[in-house]
2 protein chains.
Amino acid sequence: MNIGQAANASGVSAKMIRYYESTGLIAPAGRTQSNYRVYGAEDVHTLRFIKRARTLGFSMDETAALLGLWQDKSRASADVKRIADAHIAELEQKIAELRAMTDTLKHLVHCCAGDNRPDCPILEDLAQSDAPERMNA
Amino acid sequence: MNIGQAANASGVSAKMIRYYESTGLIAPAGRTQSNYRVYGAEDVHTLRFIKRARTLGFSMDETAALLGLWQDKSRASADVKRIADAHIAELEQKIAELRAMTDTLKHLVHCCAGDNRPDCPILEDLAQSDAPERMNA
DNA sequence: CCTTGACCTTCCCATCATGGGAAGCCTTAT
DNA sequence: ATAAGGCTTCCCATGATGGGAAGGTCAAGG
């Protein structure tokens with residue numbers, strides 16, 4: 001299987017497969033006599049694992065850790081759970097931040113007439129935020 | 001006011017102030033004879049506006065648009081509202097994605113014993129995801 | 001007056017994960 | 001044999017931010 005087929009089969013672009021190889025996330029693929037990379041079903045399986053982890057929002061570092069645990073037959077499931085739990089916490093942190101943003105914005109939008117007049121509470125809010133620090137000029 | 005004072009007063013780092021100037025988001029600052037950038041209260045006000053917009057998750061492009069409207073006395077508040085609404089939609093899209101991730105992960109973590117045994121439903125899920133495309137090898 | 005430390009300047013590099021594109025070689029089908 | 005399309009490597013770009021080096025400047029204190 002060439003890199004293009006592996007890309008189709010795994011959902012990871014050829015570009016990213018080469019990149020993952022360059023960073024050591026995956027082992028260097030075998031090569032044909034004409035220097036084409038060669039992949040097997042097992043490699044596609046690994047790529048799909050990576051794809052899924054990335055889709056779930058794991059960073060490449062986290063993905064590498066999960067991949068290592070996946071390939072370690074003697075792993076403890078607690079190790080995996082720890083990574084997943086930490087990741088959930090990160091995601092929820094991010095969600096909370098985004099929610100705070102939308103709540104604020106929705107409130108402002110709600111107060112904005114949205115017509116041809118220039119008066120706009122959204123801009124007023126953006127402009128009038130309190131100084132974060134004291135000026136020492 | 002030097003750039004350091006402006007940074008303190010606005011909450012935008014000196015590095016970022018120079019960057020904003022380089023990208024045209026803000027006008028080039030005046031200079032002293034010794035080539036130091038000089039800022040006034042109005043500039044700090046603008047920087048705070050930018051800071052607040054960025055904090056609310058607006059991209060630099062969106063921020064530039066808002067800044068333009070802010071400085072345009074004849075703007076229509078509908079224009080601002082349109083940008084804000086679009087941004088809210090983006091944020092909610094992102095929140096939905098993150099929530100889907102956490103829901104999946106929480107489910108997996110819930111099913112994981114988290115002990116010293118190697119059996120781990122999290123890894124099994126990552127490994128067994130369906131092929132996104134047909135293999136044409 | 002001179003030194004010291006804190007500030008400023010520009011320029012380059014790194015992040016993180018991904019895509020775009022060029023130049024050149026290889027393979028496959030017509 | 002030729003054309004199309006896939007593969008290779010290499011460089012560059014993103015978005016917003018920080019780090020750091022090399023060198024100029026300013027203010028305070030000995």
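Reader: What area is buried between domain 1 of chain A and domain 2 of chain A?

Author: In this predicted model, chain A is divided into domain 1 (1–75) and domain 2 (76–129). Each of the two domains gives 9 residues to the contact. Carbon and sulfur atoms give 70% of the buried area, which is about 670 Å².

Reader: Which residues in domain 1 of chain A lose the most area to domain 2 of chain A?

Author: The side of domain 1 that touches domain 2 has 5 nonpolar, 2 polar and 2 charged residues. Three residues together account for 55% of what that side buries. They are Glu62(A), Leu69(A) and Arg75(A).

Reader: How many salt bridges are there between chain B and chain A?

Author: A pair counts when a side-chain nitrogen of Lys or Arg lies within 4 Å of a carboxyl oxygen of Asp or Glu. Lys106(B) and Glu92(A) meet this rule, with N to O at 2.6 Å. Between chain B and chain A the count is 4 salt bridges.

Reader: Which element gives the largest share of the side of chain B that touches chain A?

Author: The contact takes 64 residues from chain B and 63 residues from chain A, and there are 15 residue pairs in polar contact between the chains, both residues at pLDDT 80 or more. Elements of chain B that give two or more residues to this side include helix H3 (41–55), helix H4 (60–71) and helix H5 (77–111). The largest share is 20 residues, and it comes from H5(B).

Key: Residues are numbered from 1 along each chain as its sequence is written. Chains are lettered from A and ligands numbered from 1 in the order in which they are written. Side-chain values use heavy atoms; hydrogens and water are left out. Contact means heavy atoms within 4.5 Å. A polar contact is a pair of N or O atoms within 3.5 Å; within protein, one must be able to donate a hydrogen and the other to accept it, and residues adjacent in sequence count only if both atoms are side-chain atoms. Helices (H or I, at least four residues) and strands (E, at least two) are DSSP runs, numbered from the N terminus. Domain bounds come from an automatic or database domain assignment. Buried area is the accessible area (1.4 Å probe) that two parts lose on being put together, summed over both. Ala, Val, Leu, Ile, Met, Phe, Trp, Tyr, Cys and Pro count as nonpolar, Asp, Glu, Lys and Arg as charged, and the others, Gly among them, as polar.
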